[in-house]
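Good morning, colleagues. Please turn to the structure on the screen, and I will take you through selected features of it.

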Amino acid sequence: MTRKLFYWKLKNREIRLGERTLLLGVLNVTPDSFSDGGKYLDPDRAFVRALALEEAGADIVDIGAESTRPGSSRIAAEEELRRLVPVLKRLRNQLGIPISVDTSKAEVAERAIELGAEIINDPTGLTLDPQLVKSVMTHSVGGIVNHMRGTPDSWARLDPLRDVMGTVVRVLGATIHRARLSGVEAARIVVDPGLGFGKRKEQNSEILARLGELAALDLPIMVGPSRKGFLAQENETGTMFATAAAVTASILAGAHMVRVHDVAEMRAVALVADEIVKAGGRE
């Protein structure tokens, strides 16, 4: 499938999406994230990791200070800021690529934008804090709107969705409609189907198989398959190869961006998948 081209408006720049797949490099500054919790909690280590992600080929660094692993509970904004602010202060004007901050709280988003973040990536899809839309609108940053069903501590109890992709498209469509009514420009929004976020294991594969249906929203698409539970293998290498398969599937189905931990490896995967997409678009 050929990808539609978009210009994504951020605070200080515009990014062209669709010519090649962009990579968001994940940087978790949390003690409890599912794959690398605690590894980059120290601001100095987080700083070095962010520079390494850029060096490896990340187009954006996506920093999260609150875990969304299954079973996790929400933390207060104060704690999230305590983890996040020292890292953002260290990184200010140190990267050539934009910083995205993964948060669902307007208070955290406001401070992150003050410290140089150009993108707010809301894992809850603008459902937990209605003021978050205002932050994106007022400060003219980019926004990634993710589909999340329930909350991490309730996912294990949820019944499977009857029509998973139809539901994702409908819910994201309604969320985008509300954001647009609040004054957020369409050119600032990217959508994410939310792999693993309240979906059963087999339904994540269905989302990837039907990802093209998200194109109906006429917005750029991001997918975050990296190290998700439905891809878990016996060891890290196996899980990385499984992630590579999901990244390839995402790109072939129309994703403009992928959110990954292993940037250098997934850059190689994306380069090949992009060539296949281009070949498919040639007459």
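This is a predicted model: local features need pLDDT of at least 70, side-chain atom pairs count only at pLDDT 80 or more; totals for chains, interfaces and linings use all residues.

Eight strands make up an open sheet with parallel pairing, in the order β8-β7-β6-β5-β4-β3-β10-β9. Its edges are β8 and β9 (222-223), each of which pairs on one side only. Within this sheet, β6 (residues 119-122) and β7 are joined in parallel over four bridges; asparagine 121 has isoleucine 144, in β7, as its bridge partner.

The strands β1 and β2 form a hairpin, with four residues between them. Strand β2 (residues 14-17) has Ile15 and Leu17 on a covered face, while Glu14 and Arg16 lie on an uncovered one. In general, side chains in a regular strand alternate between the two faces of the sheet.

I turn now to helix α5, residues 164-181. Its 18 residues reach 26 Å from the first C-alpha to the last, close to the 26 Å expected at 1.5 Å a residue. Among its buried residues are Val168, Val169, Leu172 and Ile176. What covers the buried residues of α5 includes α4 (132-139), β7 (142-146), β8 (189-192) and α6 (201-209). Just after the helix, glycine 183 adopts a positive phi of about 110°.

Next, the salt bridges, of which the structure holds 20. In helix α2 (residues 77-91), arginine 82 and glutamate 79 are three residues apart, about one turn of the helix, and their side chains meet at 2.8 Å, N to O. Arginine 82 is exposed, because its relative accessible area is 54%, whereas glutamate 79, at 24%, counts as partly exposed.

Which residue forms a salt bridge with arginine 227? The partner is aspartate 262, with the closest N and O atoms 3.0 Å apart. This pair links distant parts of the chain, 35 residues apart: arginine 227 is in the loop between β9 and α7, and aspartate 262 in the loop between β10 (257-260) and α8 (263-281). Aspartate 262 is buried, with a relative accessible area of 16%, and arginine 227 is partly exposed, at 25%.

Finally, the surface. Leu252, Val272 and Ile276 form a nonpolar patch there, with about 240 Å² of accessible area together. Leucine 252 belongs to helix α7 (residues 236-252), and its relative accessibility of 33% makes it partly exposed.

How values were computed:
Residues are numbered from 1 along each chain as its sequence is written. Side-chain values use heavy atoms; hydrogens and water are left out. Patches are made of residues with over 30% relative accessible area and no salt bridge: like charges are joined within 9 Å, nonpolar side chains (Val, Leu, Ile, Met, Phe, Trp, Tyr) within 5 Å. Accessible areas come from the Shrake-Rupley method with a 1.4 Å probe; for residues, only the protein chains shown count as cover. A salt bridge is a side-chain nitrogen of Lys or Arg within 4 Å of a carboxyl oxygen of Asp or Glu. Helices (H or I, at least four residues) and strands (E, at least two) are DSSP runs, numbered from the N terminus. Buried means under 20% relative accessible area, exposed over 50%, partly exposed in between (1.4 Å probe, protein chains only). The expected span of a helix is 1.5 Å times one less than its number of residues. Contact means heavy atoms within 4.5 Å. Two strands pair if DSSP finds at least two bridges between them.
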